[in-house]
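Biologist: Please give me a close look at one chain of this model, from its overall make-up down to single residues. Then set it beside its partner.

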Amino acid sequence: MAIIETSRPDHASFRRARRVSAAALVASLLLVVSSPAWAKPEFPGIIIDELSRTAAPPEKPASTCIPTCSLCHTSPSPDLANAAQPIANSLLAFRSQPKPSGGMYPASVDPDNLAVFLDALENDGCLNTNDAACMNVPMCGPCDADGDGTADVAELRRDADPNGPGQLACPKYGCGARIAPERSSRPLDGTAALAALSAAIVFVRRWRRR
Amino acid sequence: MKLRSNLWPLPRGLVRAWWMVLVLVGVLFAPERAEAYTWMIRHAYNGCGVCHADPTGGETLTPYGRAQSDLLLRMRYDGKSPEEAEPGKASGFLGFIELPQSLMLGGSGRVASTLSNEDEGMEYRLFPMQIDVYGQLRLGKSFFVGGSVGVSKVPAGSPHARAAQVTTGQGDSWNMISRNHFIGMDFGEQRFTARAGRLNLPFGIRIPEHTMWVREATRTDRESDQQHGLALSYTSEVARGEGLLILGNYQMGPDEFRERGYSFFFELMAGSRAALGVSSLYTAAKRDRISLETNVARGAHGAFTRVALGDPFALLGEMNLLTESTRDLGYVGFLQGDYELTQGLHGLLTAEVLDQGYPRAGEIQQIPKAAGLGKPQFGFWISAQYFFLPHLDVRVDAIIRSEFQLLTQLHAFL
């Protein structure tokens, strides 16, 4: 197999390249290993998990439909500013308000306390005065964004759309088969092993040369 | 396929370190797809088919494209200009494999982190990313087959990656994905290419930033917005274009969620460093898979331009009207300037605007008009990208919208 000659660049360029690449390598490794957590579950996953956890059929069935971000957001780029669907307005109305049982609801909705707000939405009187549950009644019942007589969380449990008529549609993705569930709770296990293997190969080769 | 013996132009330790990074990224499963850099128009590459197997850009590189990525894209440390230099040995597939002429292979891996200023304070995330491998095999003079396969892991309910799934995990488990797969043929002295399969939508400027509003709002990104259909493309020195008859995405169901319609673009070259084009898209579905609304017909229609202003500066711009049967008229656009400070180091500034259109049932549902929903919403990206070695680049984006996000990416392509 032919060996092709190449011109050797100057040493200053090599030193510069080494420094730059070493810095990039260190930065890359820091980027890779510095985060203490895998990606957090997004709200749709939390909602389906919470509805399953608190399921008690037949009055409180578990939902089978993983909602999309459009359940609460009016934009394909979800953020707080576009959390403006009727059910979201009702949920956000609980922020920093006193609980019937004492204490206060959290000041903001995040993955760690979404379950608190879902429980409030299902079991406490609605605090969104524009909601149908507060119309022409002395005391608001559980929020009912579309005013169809079925409370929002009850509709979610039955895979119905709380923001309007009809069912909460669930697209299903994929063609078939299923990859086995991930078993490791430490997602960097494979990386650590491979990094260790790579380092071992490098050290063994250097030791042999000596 | 034969292994090439070579004298590395770079120190062995450096190469070894580079391979360790590449493997680490591979195990972490970086996502998505390789890049299509439309600012290559600054080098008078106003078309895409010279460097990419796809005549409209993206994914698999041709051997010429690999050579140009080494000569023009990455930072050079030997002091030679692109005109003086020869493509490095490491520019080949996996850095050292010489492929048969009929076979083009590639792959892309990415790991990213975000630092976001959310309601409850700053939040850091490291995204689980995917590896994609892709390729194209030529069968005889005119026919070819190609596609991509990868893996993804996204949270339940995420709008990303799902539409490209092959396996059926609906939660946050790993899934196999295939963004593209197709058969095709060239004809008419290779000016025309017909393809059938799952394909990138021909629309607008094929930028790598799939979360840019202009790609999200029109659902024309290369992340997972591909559709199954029949495509015909045309390429010449003065014009290029492609049209896709959209038959639906058959990697999801039931059928009520499948969009059917068309998408096309047509671009005229104004000299070797400027191009002006138009795009149009129209789809209809019994139910929209994102908004879940019924009987949705949506469209996007607009114009775009790519201009090189002198050697180091490229300007990209696109503006589209958005039509949807459940909303008032909307619009989305962006303007991006890319300045190459020195070869391989880019600074970018991007401004974007979005108004999806106020929902027609908004007053009934008491949805207030807000930025992006009946009112214009503005966003700004301040970015830097550094192609520091063959097959490797890092990118940092400061994204200023209603919330601030710092996005950092390490990208490796095979």
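Modeller: Chain B exposes about 15400 Å². Carbon and sulfur atoms supply 65% of that area. This is a predicted model, so what follows is computed from predicted coordinates.

Start with the make-up of chain B. The chain has three helices and 23 strands. Of its 414 residues, 60% count as buried. Take the contacts between residues at least 6 apart in sequence: 56% of them join residues at least 24 apart.

Now the surface. Seven side chains of chain B form a nonpolar patch of about 680 Å²: Met122(B), Leu349(B), Phe378(B), Phe380(B), Ile382(B), Ile400(B) and Phe404(B). Strand E21, residues 377-389 of chain B, gives the largest share of the patch, three residues. Leu349(B) sits elsewhere, in strand E18, which spans residues 345-355. Leu349(B) counts as exposed because its relative accessibility is 55%, and the cut-off for exposed is over 50%.

Next, the enclosed parts. Helix H2 of chain B is largely enclosed by the rest of the structure, because nine of its eleven residues are buried. The buried stretch runs through Gly65(B), Arg66(B), Ala67(B), Gln68(B), Ser69(B), Asp70(B), Leu71(B), Leu72(B) and Leu73(B). An α-helix has 3.6 residues a turn, so residues three or four places apart point the same way.

Follow the chain past H2(B). Tyr77(B) lies in the loop between helix H2 (63-73) and strand E2 (97-98). Is Tyr77(B) buried or exposed? Tyr77(B) counts as buried because its relative accessibility is 7%, and buried means under 20%. Along the chain, Tyr77(B) and Leu389(B) are 312 residues apart. Their C-alpha atoms are separated by 9.5 Å.

Then look at Arg289(B). This residue is in the loop between strand E14 (274-287) and strand E15 (294-308) of chain B. Arg289(B) is buried, yet it has no salt bridge. Asp225(B) is the nearest side chain of opposite charge, and it is 4.1 Å away. What does the side chain of Arg289(B) make a polar contact with? The partner is the side chain of Tyr173(A), at 2.9 Å.

The surroundings of Arg289(B) take in both chains. Setting aside neighbours within four places in sequence, Arg289(B) is in contact with Thr68(A), Pro171(A) and Tyr173(A) from chain A, among others. From chain B, its contacts include Pro159(B), Ala163(B), Asp225(B), Met252(B) and Phe257(B).

That leads to the partner. Chain A comes to six helices and one strand, in the order α-α-α-α-α-β-α from the N terminus. Of its 210 residues, 38% are buried. Among contacts in chain A with a separation of 6 or more, 38% are between residues 24 or more positions apart. Chain A exposes about 11800 Å², and carbon and sulfur atoms supply 59% of it.

Chain A has its own helix H2, residues 43-53. Its buried residues are Pro44(A), Gly45(A), Ile46(A), Ile47(A), Ile48(A), Glu50(A) and Leu51(A). These pack against helix H4 (114-123) and helix H5 (152-157) of chain A.

Definitions and conventions: Residues are numbered from 1 along each chain as its sequence is written. Chains are lettered from A and ligands numbered from 1 in the order in which they are written. This is a predicted model: local features need pLDDT of at least 70, side-chain atom pairs count only at pLDDT 80 or more; totals for chains, interfaces and linings use all residues. Side-chain values use heavy atoms; hydrogens and water are left out. Patches are made of residues with over 30% relative accessible area and no salt bridge: like charges are joined within 9 Å, nonpolar side chains (Val, Leu, Ile, Met, Phe, Trp, Tyr) within 5 Å. Accessible areas come from the Shrake-Rupley method with a 1.4 Å probe; for residues, only the protein chains shown count as cover. A salt bridge is a side-chain nitrogen of Lys or Arg within 4 Å of a carboxyl oxygen of Asp or Glu. Helices (H or I, at least four residues) and strands (E, at least two) are DSSP runs, numbered from the N terminus. Buried means under 20% relative accessible area, exposed over 50%, partly exposed in between (1.4 Å probe, protein chains only). Contact means heavy atoms within 4.5 Å. Lys and Arg count as positive and Asp and Glu as negative; His and the chain ends are not counted. A polar contact is a pair of N or O atoms within 3.5 Å; within protein, one must be able to donate a hydrogen and the other to accept it, and residues adjacent in sequence count only if both atoms are side-chain atoms.
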